[in-house]
Amino acid sequence: MSLQVNSFKTVSVIGLGYIGLPTAALLASRGVRVLGVDVNKKVVETISKGQVHIVEPDLDGLVQKAVSSGNLTAQGKVSPADAFVITVPTPLTASREPDVTYVQQAARSIAPVLERGNLIIIESTVPVGTTERIAAMLARLRKDLVFPDGSGGKADVSIAYCPERVLPGRILTELVHNDRCIGGLTPACARHACRLYDIFLQGQCHQSNARSAELVKLTENAYRDVNIAFANELSLICDHVDINVWDLIPLANLHPRVNILQPGPGVGGHCISVDPWFIVDAAPKQARLIRTAREINEAKPNFVLRKAKEALKRNSAGSIACLGLSFKPNVDDLRNSPSLHIVRKLAEQHGDRIIAVEPYISKPPACLAKAGARFMDALSAIDESGIVLLLVDHRQFGMIDANQLQKKTIIDTRGLWRH
Ligand code: SAJ
């Protein structure tokens with residue numbers, strides 16, 4: 001009997017975060033019955049009310065519609081479905097090794113409800129070989145089912161690794177339009193997974209094997225990290241030889257084959273600052289450039305801290321307005337944010353001389369409040385301060401009148417006010 005590969009009446013999305021929730025809502029908007037699963041009770045309650053726990057353009061409306069149509073429900077436990085999509089986090093351990101515990105737990109939670117003909121997709125970023133190991137684990141838990149193992153035999157379920165590659169701030173657009181790399185444990189698994197994405201994808205599905213797809217994902221983010229490290233290193237070189245890096249880069253980029261990225265206060269978020277370590281962990285002797293790039297980007301906040309501390313020393317009584325806490329512009333996301341790290345370090349030393357500004361959040365993060373930092377809107381903070389430290393190039397900060405900044409000591413880590 002051949003697998004029933006074409007019917008996805010019910011899809012379970014496990015992990016309703018930045019990727020899982022938009023994916024679940026998108027599938028639901030295309031008429032699929034989606035059972036969203038999350039271990040966090042608060043997340044389940046929020047989504048069940050048709051609300052969202054993350055800020056992402058257009059996501060609130062989509063989730064609200066999906067829930068009120070009855071196509072999207074959120075729950076704490078996994079129920080039977082035609083397909084299971086795993087979108088849980090894979091953090092780093094303290095010793096910078098990938099922690100796949102959540103992926104393993106998600107897979108284990110699927111095991112009891114798994115049926116012949118089901119599809120399992122892992123979207124979480126994982127080390128190479130994880131999909132094979134998850135399949136082997138499931139095979140041990142469900143001895144009554146035949147799992148794909150590369151031997152070429154017919155399997156009862158399909159398993160594929162299909163990384164997400166969407167940019168926070170543009171998630172819904174990129175989920176629909178970006179091409180996808182589909183890594184099946186077998187070609188049949190890849191074809192099965194492509195059929196799921198066909199429900200909403202306007203980009204192409206490129207079929208490959210699971211191991212390659214796992215490294216494709218890591219490669220994309222490591223590539224970006226290395227290129228940002230180049231820009232960050234240039235900013236240190238320019239500081240040393242007293243050249244304005246923001247004038248330099250556009251001039252170098254006039255060359256038809258040069259495209260230097262933007263220096264900043266460091267690299268944040270849950271992906272680019274984490275994923276390269278997965279490669280270093282897998283191939284420590286070979287991944288020399290990737291490791292060095294990570295070290296350069298990790299060291300950049302200390303350089304900014306030094307500059308800010310020097311300015312505070314020169315202006316011994318005044319305060320410093322720190323503009324932006326998120327890890328990148330126009331979002332509320334503070335995960336691994338170098339800006340937040342810098343402001344926290346400053347606040348721990350200088351208390352209420354530090355004024356934090358973050359238009360995308362309504363109250364200061366606990367670590368800043370605890371350290372005695374003040375929290376206010378950009379114009380009031382600039383008004384009160386002799387030093388302005390620009391950490392995030394939020395749209396609003398780009399519109400600040402140059403007159404407001406006159407006579408201030410400016411530390412612009414993003415080159416927003418270079419003109
Ligand atoms: N950054 C710079 N200079 C630049 C570009 C970025 O300093 O020129 C910094 C940002 O300020 C931020 C960090 O890098 O702190 C990362 O920001 P980002 O906007 O480049 O990327 P993320 O982390 O939001 O999303 C990335 C994307 N990956 C790539 O662009 C290769 C996205 O497509 C992935 O889906 C996502 O990681 C992920 O989930 O892996």
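Welcome to a predicted model in which the protein is divided into domain 1, residues 10-212, and domain 2, residues 246-412. The points below take the domains, then their interface, then the ligand.

**The two domains**

- Domain 1 covers residues 10-212, and domain 2 covers residues 246-412.
- If you take the centres of domain 1 and domain 2 over C-alpha atoms, they are 33 Å apart.

**Where the domains meet**

- On the domain 1 side, 14 residues are in contact with 12 residues of domain 2.
- Between domain 1 and domain 2, about 1200 Å² of area is buried, and carbon and sulfur atoms give 63% of this area.
- Look for one salt bridge across the interface of domain 1 and domain 2.
- Arg96 and Glu298 form a salt bridge, with their closest N and O atoms 2.7 Å apart.
- The side of domain 1 that touches domain 2 is made up, by class, of nine nonpolar, three polar and two charged residues.
- Polar contacts are also found here: two residue pairs make them between domain 1 and domain 2.

**The shell around the ligand**

- There are 20 residues around the ligand, and those that come nearest are Glu164, Val166, Lys217, Gln262 and Phe327.
- By class, the shell around the ligand holds nine nonpolar, seven charged and four polar residues.

- Phe327 takes part through its backbone, where a polar atom is 2.7 Å from an oxygen atom of the ligand.
- Gly268 also has a polar backbone atom facing this comparison, at 2.9 Å from an oxygen atom of the ligand.
- As for cover, the ligand taken alone exposes 770 Å², and the protein buries 89% of that.

Key. Residues numbered from 1 in each chain as written. Predicted model: local features only at pLDDT ≥ 70, side-chain atom pairs only at ≥ 80, totals over all residues. Heavy atoms only, no water. Domains from an automatic or database assignment. Contact = heavy atoms within 4.5 Å. Buried area = accessible area lost by both parts, 1.4 Å probe. Salt bridge = Lys/Arg side-chain N within 4 Å of Asp/Glu carboxyl O. Polar contact = N/O pair within 3.5 Å; in protein donor to acceptor, adjacent residues only side chain to side chain. Nonpolar A, V, L, I, M, F, W, Y, C, P; charged D, E, K, R; others polar. Near = heavy atom within 4 Å. Areas by Shrake-Rupley, 256 points an atom, 1.4 Å probe, with all protein chains shown as cover.
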